[in-house]
Amino acid sequence: MKITRQQFLKYFSLGLASTTVIKKPSWPAGKMADARQEIKKMKIKKIEISTFDVPLTSPFRIAIGTMHAANDVLVKITTDSGLYGIGEACPFPPITGETQASNIAAARAIRELLKDKDPLAIEGLIEQIGNIVHSNPSTVAAYDMALYDLLGKAAGLPLYKLLGGYRSSFETDMTTGLNTPEKMVESVKDSLALGYRQIKIKVGEDPDLDVRRVQMVREAIGPDIPLRIDANQGWSVPQAIFALRRMEPFKVQFAEQPVLASDISGLKAVREQSPVPIMADESLFLPSDSIKLIKEEACAYFNIKLMKAGGLLNSLKIAHIAAAANIQCMVGCMIETRLALTAAAHLVASQKNIIFADLDGNSEHQLDPVIGGMKVEKGTIYLPEAPGLGCDVDPAFLKKMQAV
Ligand SMILES: [Mg+2]
């Protein structure tokens, strides 16, 4: 059978070239080698940027702000071979200081830069993109995600297998935002009813009220369910030490970012005096931050997020630095759709020292615009086996979005 280059690439991108599906290649070995050569010569032809807006069922409140919708940005990179990759930016203004408008401006600023470039030269491309729009890490993440999606499709492998392939499923927690302790207990019970077996709650308002939140939630979930808390920088150093010491009887697994992101010595002081292990979140954006935190011995754990680090490449670097320092990590999220969540799930699955996951960002979304991708069943996330990210955006949903 004779196949054209376009047909080969189509089959390749669908994963049909894998040995599990086609036992005997139905084209000559020479043709296969030609097509591989073509993929190596692939160039970026077109970049499409559009809004990617998903309303929430209810506002999501944390210590430093409230989000009413996921106002995201979608990036699609198409190559001259016909293969394409997709990525999502999910700006969370109180944490990263970006907005949808700034992400779009940043995405447009680098569109021309990437034309005719080799999409598999990821390290160099992300360096160039990061140099120009580092103050919009979510935009860098969207491009990075699309490039890695292309890499997986070109290789015919699901991304997590290319990045390390440590596991193919794992548990995630479910997060409850700030509310009255009674309402938070109700929400946590709903999560348990859905099958989640790891619970995270937001704190960081008033230490007395926060202790009550933790006590009431622990009493509601029983002694065995892991319970994590996240203060999102809401406490002062003395408040954090006071609150965390009083929380000791309630078996808190770890506390994320008790104090200001910039206060590394404060974080270290809390760590030294808290019976609850401390996880750095907002203090950790880039690989260089992870080095600072390790040098200062300021935390027990890292929370890595694609939208802080600027995508998978930097997130992997952080995970590797952490592994060398014997630090275990969580991968968290903003309020992105299942597109960026799937990218984050590939990261979790790839690395041994990413032992916690907080990938529930779409739990308050009114709709799911993503086809394929990770599956969540009773709190367990299963990775897709299709090449690349293994997901796509529903074309009907995309028609309603605005191209820019
Ligand atoms: Mg956090």
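The tour goes to a pocket and then to cysteines.

The model is predicted, with local features needing pLDDT of at least 70 and side-chain atom pairs counting only at pLDDT 80 or more, while totals for chains, interfaces and linings use all residues. Residues are numbered from 1 along each chain as its sequence is written, and side-chain values use heavy atoms, with hydrogens and water left out.

Select Phe-60, Thr-175, Thr-176, Gly-177 and Glu-364, which lie nearest the centre of the largest pocket, among its 35 lining residues. A pocket here is an open set of points on a 1 Å grid over the protein atoms alone, where a 1.4 Å probe fits, with protein on both sides within 12 Å along at least five of seven lines, and lining residues have an atom within 4 Å of a point. Its volume is about 630 Å³, taken as the space filled by probe spheres set on the points.

Next, colour strand E1 (44-62), which gives the most to this lining, with six residues. Strand E5 (174-176), helix H8 (181-193) and strand E6 (199-202) each supply at least two residues. By class, the lining divides into 13 nonpolar, eleven polar and eleven charged residues.

The structure holds zero disulfides, a disulfide being a pair of cysteine sulfur atoms within 2.5 Å. The sulfur of Cys-90 is too far for a bond because the closest cysteine sulfur, in Cys-333, is 8.3 Å away; for Cys-299 the closest, in Cys-329, is 9.2 Å away, also too far. Cys-90 is buried (under 20% relative accessible area, with a 1.4 Å probe and protein chains only) at 1%, and Cys-299 is buried at 3%.

Note on methods: Helix = DSSP H or I, 4+ residues; strand = E, 2+ residues; numbered from the N terminus. Nonpolar A, V, L, I, M, F, W, Y, C, P; charged D, E, K, R; others polar. Buried < 20%, exposed > 50% of the residue type's maximum accessible area, 1.4 Å probe, protein only.
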